[in-house]
2 protein chains.
Amino acid sequence: MPMKKFINNPDDLTPELLQGYCAAHSDKVKLVSDKIVMRAKAKDESKVAILTIGGAGHEPALSGFVGDGMLDASVVGDVFAAPGAPKVIEAMRLLKRDAGILFVVLNHEGDVMSGNMALEMAKEEGINVKMILTHEDIAPGADVPIENRRGLGGCVPLFKVAGAAAEAGKSLDEVYAVAEKINNNMATLAVALTTATHPQSGDAIFDLADDEMEIGMGQHGEAGTGSSKMLTADETAEKMAKQVLPAANCVSGDKILLMINGAGATTLMEQFIVYRKAHAYAEAQGMKVVHSLVGEYLTVQEMGGFQMFAAKLDDELEALLNAPSNAPFWVTQ
Amino acid sequence: MPMKKFINNPDDLTPELLQGYCAAHSDKVKLVSDKIVMRAKAKDESKVAILTIGGAGHEPALSGFVGDGMLDASVVGDVFAAPGAPKVIEAMRLLKRDAGILFVVLNHEGDVMSGNMALEMAKEEGINVKMILTHEDIAPGADVPIENRRGLGGCVPLFKVAGAAAEAGKSLDEVYAVAEKINNNMATLAVALTTATHPQSGDAIFDLADDEMEIGMGQHGEAGTGSSKMLTADETAEKMAKQVLPAANCVSGDKILLMINGAGATTLMEQFIVYRKAHAYAEAQGMKVVHSLVGEYLTVQEMGGFQMFAAKLDDELEALLNAPSNAPFWVTQ
């Protein structure tokens, strides 16, 4: 039985994806050395560069956010796989500049390992790099040690904030500081309804009964808080918002960012229905939603489900989120 | 067995979706009279207004394209259903102005019926409206009478072109003329792989065997050219491009727009792999792809599949596609 996906040789998925992406957006991005997506135009060495790494299969993340005002480059691994240190150090060499590089890594074992190795090599070569780890998943509990919390879709607003600060001419320490500010005031919780097929192996990445959902599942099918009977959209939204908002330190009077990130097969219709309730819940708590993101930012193939993300904002973070960007999947005028 | 979707009462899907959408993008759009999505800011009566109509369930279409530089308003029907003439004439009254209204209708029986009735009423009331019908589906053949060809995702680039012309201060006749220019030089062909569940009835909207695809299927499961064995991404892309490009009058030397519009569950990874081949095929025919759109513009719930769209461009159409817009699902700087 053939897999029901539009693919060619499963071994060629990642290069073909990247070639297609860079052909579609050749005015904005270019493919360098097979797995490095960079801004198409010549690098501006006067500003801090923003670099990230991560496996393919989560499109538009992460390379969809390379562009003016966001990332300078993204190093892509194979499907759900880290890219490996040699490609990462190669990207660091390409981005090397006196202003320095902010290196954003989502907390997943392979990415952290590739990142740390590349970071060691960069130090030896005199490349000025500062690493920041995202770890905003609250499925294991908001209070567990950082190393036990995964980086999920919250990397995307963090790219925006850091990218805008870099574009504004901030120093590496200043860019790091605003990135850490949102990093320390954000939380994500995921929910899964239906599984996805790994596009190389053809295997389902997890199983769920026909009447069950699982809150807390990671973006590669990693176990969450256990399956439960399906809830309505409003029940699901409220249950999750009650955990996500306090974990992001959002309290009455705060300006917040609220994001519903579709996993793949969950329709935008459903995402907006869920958003409606989460927004109403936050406002009922006295919070003011000043920035909303609803749509597919970091997907898990055709999985059914979504990630709910919140961040506590201040005037600086709000302004950085609204600053101009022209990354293919986050354009702001 | 509950439906595996994040919904509440199935009867409330459309209002809840629209409330969520307008809450998420309250700086850009507002909900009027339950089913009319309008630009949030006060109307600019000096310009031609662009209006469209269509059922919910295809998000982000059509209301996702309301905003500066695109639509002024969208009248929404229930899931996969036309909105009915009373709502349409209500929107026309809200948009009434000396500059006139361009009314874009996708060729589907219910929408055409609602549209024609509202158009009659508008004439009696002295509202200046000119209707344009999109009908770019080539599944029944590129040469069959217009009334037998459906309007698919090609409405979206048409909204952009017409909206930009209106924003530039063109007259209703001039806006109609550029909309007709792209309308007469565009073509779409859809392919389906996996079905979707109707979010109200819970029924599958069509059936396909596990190893089959269907080229030409409409956006509500309407029959296409018959099912066939699955092809690879490259085979599918080339087979479709060979039909779409000539049907859009694209020949060697032409500047073209090429769009892969994901149906729902087909991943962006797959869409870019398909795009890669379609782009290469077009360029090998001597065409120059100057505008690319890859992503979900008009979906069919969580259906697996995509629409391939092409349009022959000239300098005027290319400039209108690149003009600024701030609709939530088509932002151009």
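**Ground rules.** Since the model is predicted, I kept local features to pLDDT of at least 70 and side-chain atom pairs to pLDDT 80 or more, while totals for chains, interfaces and linings use all residues. Residues are numbered from 1 along each chain as its sequence is written, chains are lettered from A in the order in which they are written, and side-chain values use heavy atoms, with hydrogens and water left out.

**Entry 1, extent.** I looked up contacts (heavy atoms within 4.5 Å) and found 64 residues of chain B touching 64 residues of chain A. I then looked up the buried area (accessible area, 1.4 Å probe, lost on putting two parts together, summed over both). It comes to about 5100 Å², with 69% from carbon and sulfur atoms. On the chain B side, B:Lys4, B:Phe6 and B:Met269 lose the most area, together 20% of what that side buries.

**Entry 2, salt bridges.** How many salt bridges cross the interface? I found two by the rule, which asks for a side-chain nitrogen of Lys or Arg within 4 Å of a carboxyl oxygen of Asp or Glu. One joins A:Glu16 and B:Arg276, at 3.9 Å from N to O.

I superposed the copies by least squares on C-alpha atoms of residues with pLDDT of at least 70 in both. A rotation of 180° with 0.0 Å of shift along its axis puts chain B on chain A, RMSD 0.0 Å. That is the relation of a two-fold axis. I also noted that 100% of the interface residues of chain B are interface residues in chain A too, so the copies meet through the same surface.
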